[in-house]
Amino acid sequence: MTIKGCIFDLDGVVVDTAKYHYLAWKRLANELGFEFTEKDNERLKGVSRMKSLEILLEIGNMNFDEEIKEKLAEKKNNWYVEYISKMDESEILPGVKEFITNLKKNGIKIALGSVSKNAGIILENTNLKKYFDAIIDGNKVTKAKPDPEVFLKAAEELGLEPYECIVFEDAVAGIEAAKNANMRVIGVGSDEILKDSDKVISGFEGIDLSILEF
Ligand code: G6P
Ligand code: MG
């Protein structure tokens, strides 16, 4: 089977923004009076903003009506946007540009598959837009990972079948989404957390096209 397309998650795969999501959620949790650990944060990765808030409130044993929840999510997002508005190319993760350039040289199409509504600002600030043949973000999907919608749309926009694509993901929910889309998935991060992916890499430094062979 030949791989014709690679779909990249954004936060924590292409750029180091997973830490900013964590910082902003932690700030909200602390303001509400409870602790929020990095381990808890794994449950939020790849998950939509509102669903993340639900999980956070469950951890803090709290509940609010919809109107307050909207305000809390907005508060978190304002802090997050403040963090990412200062971003530049230095926050692209090591080896990512080289790897994507290599893929493109070899005729492989590139898509972004993220449920973040802030993907546009990040791609703009880091000058990465030009690398992607298709960009699917939170403004184009209605269902968050682990639903496969984001990856299926990415494949469709690339003009490829799901089995011709490989997904790169740092989130447990994202790995599940790729599996639900019938795609191969390479985990980016820790072996222990991403054990359900087909392969795991710790990052893109030194990674060549042989990673696409199964
Ligand atoms: C990505 C991140 C999540 C984040 C989600 C929504 O999937 O991994 O941590 O909650 O996007 O992001 P947004 O920027 O729209 O709040
Ligand atoms: Mg991610």
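Predicted model: local features only at pLDDT ≥ 70, side-chain atom pairs only at ≥ 80, totals over all residues.
The domain assignment divides the chain into domain 1, which comprises 5-16 + 89-212, and domain 2, which comprises 18-84. The C-alpha centres of domain 1 and domain 2 are 23 Å apart. To the contact between them, domain 1 contributes 16 residues and domain 2 contributes 14 residues.

This arrangement bears on the location of ligand 1. Because domain 1 (5-16 + 89-212) and domain 2 (18-84) both supply residues to the shell around ligand 1, the ligand lies between them. The space that ligand 1 takes is the largest pocket.

The shell itself may be considered next. Ligand 1 is surrounded by 13 residues, and the closest are Val-47, Arg-49, Ser-116, Lys-117 and Asn-118. By class, the shell residues comprise 4 nonpolar, 5 polar and 4 charged.

Several polar contacts can be traced to oxygen atoms of the ligand. For Arg-49, a polar side-chain atom lies 2.7 Å from an oxygen atom of ligand 1. Lys-117 approaches through its backbone, with a polar backbone atom 2.7 Å from an oxygen atom of ligand 1. For Gly-46, a backbone N or O atom is found 2.8 Å from an oxygen atom of ligand 1. On its own, ligand 1 has 390 Å² of accessible area, of which the protein covers 96%.

Definitions and conventions: Residues numbered from 1 in each chain as written. Chains lettered and ligands numbered in written order. Heavy atoms only, no water. Near = heavy atom within 4 Å. Polar contact = N/O pair within 3.5 Å; in protein donor to acceptor, adjacent residues only side chain to side chain. Areas by Shrake-Rupley, 256 points an atom, 1.4 Å probe, with all protein chains shown as cover. 1 Å grid on protein atoms, 1.4 Å probe; cavity = no way out; pocket = protein on both sides within 12 Å on 5 of 7 lines; lining within 4 Å. Sits in = over half its atoms within 2 Å of the grid points. Nonpolar A, V, L, I, M, F, W, Y, C, P; charged D, E, K, R; others polar. Domains from an automatic or database assignment. Contact = heavy atoms within 4.5 Å.
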